[in-house]
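This report goes through a few local features of one protein chain. Please look over the sequence and the structure first.

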Amino acid sequence: MKTLLLDPVTNEKASFLADATPISTYEQIYEELYSLLLCTSSFLMESAEAPSYYEALQLRHIDAVLALMISPTFTFSYEAHTTVLSFLRFMDGLLLTKTQLLQLTNEETLAEAIQKIFSNAPLKAVFIQDDHHVYFYDHRNLDQPKRLSQKDILFQLSQYE
């Protein structure tokens, strides 16, 4: 399984991304063979190519497991909130912090936020990151999150191929 990381500035330095191939332009996804495509929040908000990526998603031109990775320092403006929700309609996985999930769903508790995000998007997996761990929620069992190490994120996403 090859993983591509779609990030305009290649600023994501998480250790679990060590094996991911960074690409900075949308067109590069057609030059590589891969089974998992991670898109960063910075690509959605900073790249002029984000609309082309969105169009390819709408037309189902990308045959891979798709995940959106939101940087822990990302803040949700109105525009960012709307953009992320639009792209989530096409994603299999979402990686973010608990605070970001609560902001994105406008819920007060993690349980409510998890229920809402899975009911409003066709997600199969949500990964909640904190300083030390990642909590994995699967669409088939929302009440039993698994605690993972960061290195297990890509493996878990690959299970949705």
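## Aromatic rings

Ring pairs join F43, Y53, Y54, F87 and F90 into a cluster. The model is a predicted one. Under the rule used here, rings pair if their centres lie within 6.5 Å, and the count comes to six aromatic pairs. Two of the pairs are set out below.

| Aromatic pair | Arrangement | Centre to centre | Angle between planes |
|---|---|---|---|
| F74 and F76 | edge-to-face | 5.2 Å | 90 degrees |
| F127 and F136 | stacked | 5.1 Å | 25 degrees |

The labels follow from the angles: planes under 30 degrees apart count as stacked, and those over 60 as edge-to-face. Are F74 and F76 buried or exposed? Both F74 and F76 are buried. F127 and F136 are buried as well.

## Helices α4 and α5

Two packed helices are described by the angle between their axes and by the distance between those axes. Helix α4 covers residues 98-105 and helix α5 covers residues 110-120. Their axes make an angle of about 60 degrees and are 9 Å apart. Angles from 65 to 115 degrees would count as roughly perpendicular, and those under 35 as roughly parallel; α4 and α5 are therefore oblique to each other. The crossing of α4 past α5 is left-handed.

Which residues make the contact? On the α4 side they are K98, L101, L102, L104 and T105. On the α5 side they are L110, A113, I114, K116 and I117. Sorted by class, the contact of α4 with α5 has seven nonpolar residues, one polar residue and two charged residues.

Setting aside neighbours within four places in sequence, A113 is in contact with L101, L102, T105 and E107. Along the chain, A113 and A18 are 95 residues apart, and their C-alpha atoms are separated by 30 Å.

## D92 in a loop

Where is D92 found? D92 is in the loop between α3 (78-88) and β5 (93-97). With a relative accessible area of 12%, D92 falls under the 20% limit and is therefore buried. What does D92 touch, not counting residues up to four places away in sequence? D92 touches A64, V65 and L66, and also L123, K124 and A125.

Notes: Residues numbered from 1 in each chain as written. Predicted model: local features only at pLDDT ≥ 70, side-chain atom pairs only at ≥ 80, totals over all residues. Heavy atoms only, no water. Axes fitted to C-alpha atoms, helices over the stretch in contact; angles between N-to-C directions. Helix = DSSP H or I, 4+ residues; strand = E, 2+ residues; numbered from the N terminus. Parallel < 35°, antiparallel > 145°, perpendicular 65-115°, else oblique. Left-handed = near helix turned anticlockwise from the far one by under 90°. Contact = heavy atoms within 4.5 Å. Nonpolar A, V, L, I, M, F, W, Y, C, P; charged D, E, K, R; others polar. Buried < 20%, exposed > 50% of the residue type's maximum accessible area, 1.4 Å probe, protein only.
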